[in-house]
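Hi,

Here is the structure I promised to pass on. Have a look at it first, then read my notes below.

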Amino acid sequence: MYTRSSLKLIGFILVFMLFGCQSTQYPKDYEQLGEDERIVIRFSHVVGEDTPKGLAARKFAQLVKDRSNGYVEVQVFPNGFLYKDGEEMEALLQGDVQMIAPATSKVTELIPEWSVIDLPFAFNSYEEVHKYIASPVGKGLSSKFDNHGLLMLGMWDNGFKQISNRDHPILKPADLHNLKIRIMPSEILEKQFISLGAIPQKIDFNTVFTHLEKSDIDGQENTLSNITSKNLHYHQNYLTISDHGYLGYLLLMNKEFWDKLPQSIQILIKDTLKEVSEWEMEQAKKTNGEKLAELEDCQCIDIYRLSDEEKQAWEKDFKPIYDYFTVKYGEKYIKALPKYKE
Ligand code: LMR
């Protein structure tokens, strides 16, 4: 016969076995948990998945997922599906997304000093840009995000911009006169075209194709990876390989979100981003080279390459823009550019 207290003991042992065993089988694969039990990083960007930024964002998401066994999920929203060009910065500041990677030109409304990167012919190579960003002046630019509740975790390349248009070949600056050209939102880019008599138009990246199709604008400037991924060349007859400006991305995270992450996860994200960034930079160089070869082969657009002498002539015409920038933001950003060093 069982006594009342021995029945209690048996009951206790059964309950312990049931729940005790369950807790040792707690899922190691975090994918079985809901969003509120995992760490979810929503990462919004505006380009296609098959571009250097799109591919790198996906690679980053996959590696973080694998390395955290699914505990950290980076949800990537490409093509401006979640937030458009003009909306993604606000969404990040509000914490509606946790991560974005806008072109440097697109942060100039928040931090205008970043428009030093937009100065025409400021850099001749990817390496020059990387050195500038790693310099004390570049570090100063990166830390400016702290005052806005953001953290800059690094940079990804796209490449150098080229100019296309429908009407005629652009060989010298005067050929841009009266052409309506799409630009990203940046005062320096605006001045770059106004100074040559062109009419710059700030237009959302994902609507440029439609604007070209409807002939609302005559041309645009962008990297070959961006031009071809959106088929912008379908509505353009002339392409000038000018390499006149660098287009790269700032990896930005909402700081409040970042500060709440466990230190081990911060380390995982930083290490993974470092690795993915090296891969992305190779990818960017490769893609822009391949796209040029494809455009040369397709014979679908007339391609003209500016010579070094021609580039120097263009550069001279842009001197007033450098003066404008210096008056507005001081000498230090310009003085630290590679062409003014030594
Ligand atoms: C553009 O608007 O042309 C680019 O910033 C798009 C991008 O993110 O590369």
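A salt bridge here is a side-chain nitrogen of Lys or Arg within 4 Å of a carboxyl oxygen of Asp or Glu. Asp85, Lys106 and Arg182 are joined in a network of such bridges, and the count by this rule comes to 23 salt bridges.

Before going on: this is a predicted model, where local features need pLDDT of at least 70, side-chain atom pairs count only at pLDDT 80 or more, and totals for chains, interfaces and linings use all residues. Residues are numbered from 1 along each chain as its sequence is written, and side-chain values use heavy atoms, leaving out hydrogens and water.

Another pair to find is Asp218 and Arg166, whose closest N and O atoms are 3.4 Å apart. (Helices, H or I of at least four residues, and strands, E of at least two, are DSSP runs numbered from the N terminus.)

Lys274 and Glu278 pair up too, with 3.8 Å between the closest N and O atoms. Both lie in helix 10 (residues 263–298), four residues apart, or about one turn of the helix. Are they buried or exposed? Both Lys274 and Glu278 are exposed (over 50% relative accessible area; buried is under 20%, partly exposed in between, with a 1.4 Å probe and protein chains only).

Cheers
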